[in-house]
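Subject: Structure for your review

Dear colleague,

Please find below the structure that I am handing over to you. My findings follow it, and I would be grateful if you would read them alongside the coordinates.

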Amino acid sequence: MSLFCCPICGAPLMREERAYRCPSGHNYDISKEGYTHLLPANQKHSAAPGDDKGMAAARRDFLSKEYYSPLLKTLCSQILSLSGDSPVILDTGCGEGYYTAGIFQSLRAAGKMPQMAGIDISKSILRYAAKREKGIEFAVASSYHLPIADQSIDILLNCFSPLALEEFQRVLKPGGYFLYVVPAARHLWELKQVLYDEPYLNEEKETPYDGFDYVSIVPVEGIMDLSSQEDIHALFQMTPYYWKTPKSGSQRWAALQQLACRLSFRIHIFKKR
């Protein structure tokens, strides 16, 4: 049985060799890469929502070089400590699957038997995710309309993606955990010093959410030594700064040959009441 539900009627989906099917007869093809499409047309806000091909390739190239491995290792450690022998885990806004696959492989290496799914609104980026780990189900879907059954998820992960709290509450089991990863105040500070005449700190706050109790806030810190224009460009292209940097900053960035840049995250861990 799949973790996914039919986005039209809500019935459970069965995964076959080339398609998902529900008892009502709705079918969803599985792509050659291994993901399926569960985003109805009335939930799309553009012809090709989410990261485009260039941004998807940049994320794949950059993350594959393990620059963000401190975050992945910390997520693996936290989820390992929070999970039972057979955890059911959902990654919302999973991107190209770097964290999703890393967590799945870490749990398997620890002798656990996870069942995992990842969703993202970008078809371009899910092509990479589905190729990265065949043991995980991946689908094009919206965080605001998760094709997931009520109270079926033990652990929900959200890295830098839309915060669809009502849906997260709906799909999490009572006592289930929600991990919300956000950039800390000085994340990518050295890059921002190049891009902006007056770089700004990211806002950090502790926000309680109805129906959830705070468990902890886990810091992740590190330094990246970017030694090529290719890696600097990939980092820039996968950040929001790519779309809102002034011309002068873009010119300074284009001249960079290397950059030592900090990474700084906060993992907010909540438990559903």
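In what order do the strands of the open three-stranded sheet lie, and with what pairing? The order is 1-2-3, and the pairing is antiparallel. Strand 1 and strand 3 (27-29) form the edges of this sheet, each pairing on one side only. Strand 2 (residues 19-21) runs antiparallel to strand 3, to which three bridges join it. Within strand 3, tyrosine 28 is the bridge partner of tyrosine 20.

Please note that the model is a predicted one.

The overall picture

The protein chain contains eight helices and eleven strands. Its C-alpha atoms fill a box of roughly 55 × 40 × 35 Å along the principal axes. The radius of gyration is 19 Å, which agrees with the value near 19 Å that a compact globule would have with 273 residues. Of these 273 residues, 54% count as buried. Contacts between residues at least 6 apart in sequence were also examined, and 70% of them join residues at least 24 apart. The accessible surface of the protein chain comes to about 12,800 Å², and carbon and sulfur atoms account for 50% of that area. As for charge, the chain has 30 positive and 30 negative charges, whose mean positions are 3 Å apart.

A second open sheet has eight strands in the order 4-7-6-5-8-9-11-10, and its pairing is mixed. Its edge strands are strand 4 (36-37) and strand 10 (212-226), each of which pairs on one side only.

Strand 4 runs parallel to strand 7, and two bridges join them. Threonine 36 stands opposite alanine 139 of strand 7 in this pairing. Strand 7 also pairs with strand 6 in the parallel sense, over four bridges.

Helices 6 and 7

Which residues of helix 7 (residues 229-237) are buried? They are Asp231, Ile232, Ala234, Leu235, Phe236 and Gln237. The cover over the buried residues of helix 7 includes helix 1 (53-63), helix 6 (189-195) and helix 8 (247-254), together with strand 10 and strand 11 (259-272).

Glutamate 190 is located in helix 6. Is this residue, glutamate 190, buried or exposed? Its relative accessibility is 15%, and glutamate 190 therefore counts as buried, the cut-off being under 20%. Apart from neighbours within four places in sequence, glutamate 190 is in contact with Leu259, Ala260, Cys261 and Arg262.

The start of the chain

Methionine 1 belongs to the segment before strand 1 (14-15). With a relative accessibility of 65%, methionine 1 counts as exposed, for which the cut-off is over 50%. Residues up to four places away in sequence not being counted, methionine 1 touches Pro12, Leu13, Met14 and Gln115. The C-alpha atoms of methionine 1 and arginine 15 are separated by 6.7 Å, and these two residues are 14 residues apart along the chain.

With kind regards

How values were computed: Residues numbered from 1 in each chain as written. Predicted model: local features only at pLDDT ≥ 70, side-chain atom pairs only at ≥ 80, totals over all residues. Heavy atoms only, no water. Pairing = 2+ DSSP bridges. Buried < 20%, exposed > 50% of the residue type's maximum accessible area, 1.4 Å probe, protein only. Contact = heavy atoms within 4.5 Å. Rg over C-alpha atoms; globule rule 2.2 N^0.38 Å. Areas by Shrake-Rupley, 256 points an atom, 1.4 Å probe, with all protein chains shown as cover. Lys, Arg positive; Asp, Glu negative; His and termini not counted. Charge placed at Lys NZ, Arg CZ, Asp CG, Glu CD.
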